[in-house]
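This report describes selected local features of one protein model. Please look over the sequence and the structure before reading on.

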Amino acid sequence: MYVVDDDDAARDSLVMLLKSDGLLAKGFASAHDFLATFDPEARGCIVSDLRMPGMDGIELIRELRSVGCILPVIVITGHADVSRAVDAMKAGASDFIEKPFESEQLLRVIRACLEDNDAAVDANSAKTRVLRRLESLTARERQVLDLIIEGASNKIIAARLSISPRTVEIYRANVMSKMRADSLSDLIRSTITAGAA
């Protein structure tokens, strides 16, 4: 958990609230301080004030998204800033909370964001695994995979690639093995889910 807020008292009380709920939390006085030590691979959630000198909450979100960070960002805003909060959502904020807020309301939103982040990280890991497996395919195996995903039979694949049906079976077996697919549906689902089909 990361808290980014230029108001020392607000930041400290938020860090204390999170720690009292059993969460590891670290506070930063500015977006620049946060970015200077931030690991884009980190898991968790960011709670950021919307209005800060230097880099505001929206600019922080844009910077995080530009480096591929998938951490959810919850923006804290005064009620006069609702239109800016909408801009933050468009930039990629997961949620916004208006001041003054109830502690339990904020913790509920944070817990949901942490669950979403775990799911996103797990999905991202699965996608990365599939993409690595795809990279291990030879050019010919990739052609066979692409035709399998199109729904082509071994006979059609053989005709399209000018190879024998028996050779197609060998390539197909290699593809299944390298992709660690237990079935045709497993192969197709994992390839499509990874965005590689």
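## Helix α6 and its cover

The buried residues of α6 are covered by elements that include α5 (103–135), α7 (154–161), α8 (165–178) and α9 (184–193). Helices here are DSSP runs of H or I with at least four residues, strands are runs of E with at least two, and both are numbered from the N terminus. The model is a predicted one, in which local features need pLDDT of at least 70 and side-chain atom pairs count only at pLDDT 80 or more, while totals for chains, interfaces and linings use all residues. Residues are numbered from 1 along each chain as its sequence is written, and side-chain values use heavy atoms, with hydrogens and water left out.

Helix α6 spans residues 139–149, and its buried residues are Glu141, Val144, Leu145, Leu147 and Ile148. These residues cover an arc of only 165° around the axis, which puts them on the same side of α6. The arc is taken from the directions from the helix axis to the C-beta atoms. A residue is called buried under 20% relative accessible area, exposed over 50% and partly exposed in between, with a 1.4 Å probe and protein chains only. Just after α6, Gly151 has a positive phi of about 95°.

## Tyr171 in helix α8

Tyr171 belongs to helix α8. Apart from its neighbours within four places in sequence, Tyr171 is in contact (heavy atoms within 4.5 Å) with Arg140, Glu141, Val144 and Ile163. Of these, Glu141 and Val144 are among the buried residues of α6. Tyr171 itself counts as partly exposed, at 21% relative accessibility. Ser183 is 12 residues from Tyr171 along the chain, and their C-alpha atoms are separated by 15 Å.

## Loops on either side of α8

Ser162 lies in the loop between α7 and α8. Ser162 is not a glycine, yet has a positive phi of about 55°. With a relative accessible area of 68%, Ser162 is exposed.

The loop between α8 and α9 contains Arg180. Arg180 also has a positive phi of about 55° although it is not a glycine, and Arg180 is exposed, with a relative accessible area of 60%.

## The loop between β5 and α5

Strand β5 covers residues 95–98, and Phe101 lies in the loop between β5 and α5. Pro100 lies in the loop between β5 and α5 as well. The peptide bond from Lys99 to Pro100 is cis, with omega near -10°.

Phe101 is partly exposed, at 26% relative accessibility. Leaving aside neighbours within four places in sequence, the contacts of Phe101 are Leu14, Ile76 and Leu106. Gly78 is 23 residues away from Phe101 in sequence, with 9.9 Å between their C-alpha atoms.

## Leu23 between α1 and β2

Leu23 sits in the loop between α1 (8–20) and β2 (26–28). Leu23 is buried, with a relative accessible area of 19%. Beyond its neighbours within four places in sequence, Leu23 is in contact with Met1, Leu18, Ile110 and Leu114. From Leu23 to Gly151, the separation is 128 residues in sequence and 49 Å in space, C-alpha to C-alpha.

## Aromatic pairs

A pair of aromatic rings is described by the distance of the centres and the angle of the planes. Rings of Phe, Tyr and Trp (its six-membered ring) pair if their centres lie within 6.5 Å; planes under 30 degrees apart count as stacked, over 60 as edge-to-face and the rest as tilted. The structure has five aromatic pairs. In one of them, the ring centres of Phe34 and Phe38 are 4.8 Å apart and the planes are at 35°, so the pair is tilted.

Both partners are buried: Phe34 has a relative accessible area of 0%, and Phe38 one of 13%. Ring pairs also link Tyr2, Phe28, Phe34 and Phe38 into a cluster.

## The largest pocket

The largest pocket holds about 220 Å³ of space. A pocket is an open set of points on a 1 Å grid over the protein atoms alone, where a 1.4 Å probe fits, with protein on both sides within 12 Å along at least five of seven lines; lining residues have an atom within 4 Å of a point. Grid points are joined across faces, edges and corners, and the volume is the space filled by probe spheres set on the points.

The lining of the largest pocket consists of Pro40, Glu41, Ala42, Arg43, Val67, Gly68, Cys69, Ile70, Val121, Asn124, Ser125 and Thr128. Six of the lining residues are nonpolar, four polar and two charged. In this division Ala, Val, Leu, Ile, Met, Phe, Trp, Tyr, Cys and Pro count as nonpolar, Asp, Glu, Lys and Arg as charged, and the others, Gly among them, as polar.
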